[in-house]
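Visitor: I am new to this structure. Please show me how to read it, one feature at a time.

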Amino acid sequence: MKDLTPDPATLDPIETASRDEIANLQLFRLKKTLRHAYENVPHYKAAFDAAGIHPDDLNDLGDLAKFPLTTKADLRANYPFGMFAVPRNQVARIHASSGTTGQPTVVGYTANDLDVWGSVVARSLRAAGMRTGDLLHNAYGYGLFTGGLGIHLGADALGLTTVPVSGGMTPRQVRLITDFEPKGITVTPSYALSVLDAFAEAGIDPRDSSLEVGIFGAEPWTNAMRAEIEEAFDMHAVDIYGLSEIMGPGVSMECVETKDGLHIWEDHFFPEIIDPETGVPVPDGEMGELVFTSLTKEAFPIIRYRTRDLTRLLPGTARSMRRMEKVTGRSDDMIILRGVNVFPTQIEECLLATPGFAPHFQIELTRNGRMDAMCIHCEGGGDASALSDRIKQTLGVTVTVTTGPHGSVARSQGKAVRIIDNR
């Protein structure tokens, strides 16, 4: 793999600023954001007043913990535009979640918000090794999902040549990668596996492709999956993080030269880690639920939003800004099986560590009487008993493993559907 380390001279000054400089900027912007939300979003005024707290009560960054948390339920209760802090005619773009598990969450952006979004995604793409004039194959979905258009904003801001492929039509993805010779690909890690299958079906070695870096996000994935993808494509695989409620892709980014966690762009997004049970902040370095407050958003300021993503905060390395460890799972996708907490990423690690299996799997949950049961559906010629034994030894739960031929597990066209709950 090629060395894609950025030239330090090309970094934004804030990327190498001192911690004091970053904190001072955060405090200034946080005071402004709290007042903007309080004065323009009825939900925040009511929530702050009910908690007996006012924006003027913020004197240092630690005071933010006194303000109430915001949840997805709050956003749904204010559907569609109740959380907007500017008149609707000042909103330049609207995105929304799919709403498959309830009322959609709707987010908005002013023209300035779009400029900021483009700048943090451009910063992220540069940290991944992309340079002005490089060709990017963007296989994130375009539309209400923030992935495709968010990456496109940053690619334009960095001066890339973008191929807006979106997801689906997987054989065409291989054809365009082969013919157009992009340097980078942006895609969900699960769909990258589908693209890898399509290379094999076309009789093309993916290691012979032009790809030098894959930028993967929108779902948790493991370092074992990183190793699998890097070996298959002979390219770097780096993690990008974001969610529509905070901005979209580009909230944090793994730097290609270190691959040791994702640097949070702390000049625009203030992170906290809380105990998911109590909501109380925990010190940096401790595992918990990630909470974000926006620092520069105009249309849709967000205060202490519970992401449900589980991670921990670490000191900066390649950049001054703090890192978040790769997300290991979500507090709301944790499976409790007979009293044991299990995450899909843990199943993935066991699968990839067991010889003979393809990296595709689904978890099916069933209930027979009072007992829950888990079945892992996977592909390949691996030993099912060896995988079930590894899961038992590693996670402490007994599961059934079924294996099928290539293609028997449903392929992702975007985000993977890992859990089928038939209880």
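This is a predicted model: local features need pLDDT of at least 70, side-chain atom pairs count only at pLDDT 80 or more; totals for chains, interfaces and linings use all residues.

Guide: Start with burial. Buried means under 20% relative accessible area, exposed means over 50%, and partly exposed lies in between, with a 1.4 Å probe and protein chains only. Helices (H or I, at least four residues) and strands (E, at least two) are DSSP runs, numbered from the N terminus. Now take strand 5, residues 184-187. G184 and T186 on one side are buried, and so are I185 and V187 on the other.

Visitor: Which strands does strand 5 pair with, and in which sense?

Guide: Strands of a sheet pair through backbone hydrogen bonds, either parallel or antiparallel. Here two strands count as paired if DSSP finds at least two bridges between them. Strand 5 pairs with strand 3 (residues 135-138) over three bridges, in the parallel sense. There, H137 stands opposite I185. Strand 5 also runs parallel to strand 6 (residues 213-216), joined by four bridges. T186 has I215 of strand 6 as its bridge partner.

Visitor: What unit do strand 5 and strand 6 make with helix 7?

Guide: A crossover is right-handed if, with the strands pointing away from the viewer, the path from the first strand over the helix to the second runs clockwise. Strand 5, helix 7 (residues 189-201) and strand 6 form a right-handed β-α-β unit.

Visitor: How many strands form the open sheet, and in what order?

Guide: Nine strands form it, in the order 4-3-5-6-7-8-9-14-13. The pairing is mixed. Strand 4 (161-163) and strand 13 (313-314) stand at the edges. Each has a single partner strand, so one side of each lacks a neighbour in the sheet. For an antiparallel case, look at strand 9 and strand 14 (residues 323-324), which pair over two bridges. L262 has M324 in strand 14 as its bridge partner.

Visitor: Where is there empty space?

Guide: Rolling a probe the size of a water molecule over the atoms shows where empty space is left. The search uses a 1 Å grid over the protein atoms alone: a cavity is a set of points where a 1.4 Å probe fits but cannot get out, and a pocket is an open set with protein on both sides within 12 Å along at least five of seven lines. Lining residues have an atom within 4 Å of a point. Grid points are joined across faces, edges and corners, and a volume is the space filled by probe spheres set on the points. The whole structure has one cavity of 30 Å³ or more. The largest cavity holds about 30 Å³. Its lining includes Y79, P80 and F300.

Visitor: What lines the second largest pocket?

Guide: Its volume is about 250 Å³. Among its lining residues are F28, R29, N112, H268 and E298. Helix 1 (19-40) and helix 4 (111-127) are the elements that give two or more residues to this lining. Helix 1 gives the most, with five. R29 belongs to helix 1 and is partly exposed, at 23% relative accessibility. R29 and F270 are 241 residues apart in sequence, yet 9.9 Å apart in space, C-alpha to C-alpha.

Visitor: Which backbone angles stand out?

Guide: Most residues other than glycine have a negative phi, and most peptide bonds are trans. The bond from Y79 to P80 is cis, with omega near -5 degrees. P80 sits in the loop between helix 3 (72-77) and strand 1 (93-96). A218 is not a glycine, but has a positive phi of about 80 degrees. A218 lies in the loop between strand 6 and helix 8 (223-233) and is partly exposed, at 30%.

Visitor: How many disulfides are there?

Guide: A disulfide is a covalent bond between the sulfur atoms of two cysteines. The cut-off here is a pair of cysteine sulfur atoms within 2.5 Å. The search finds zero. The sulfur of C350 is 12 Å from the closest cysteine sulfur, in C378, so it is too far for a bond. C350 is buried, with a relative accessible area of 4%.

Technical notes: Residues are numbered from 1 along each chain as its sequence is written. Side-chain values use heavy atoms; hydrogens and water are left out.
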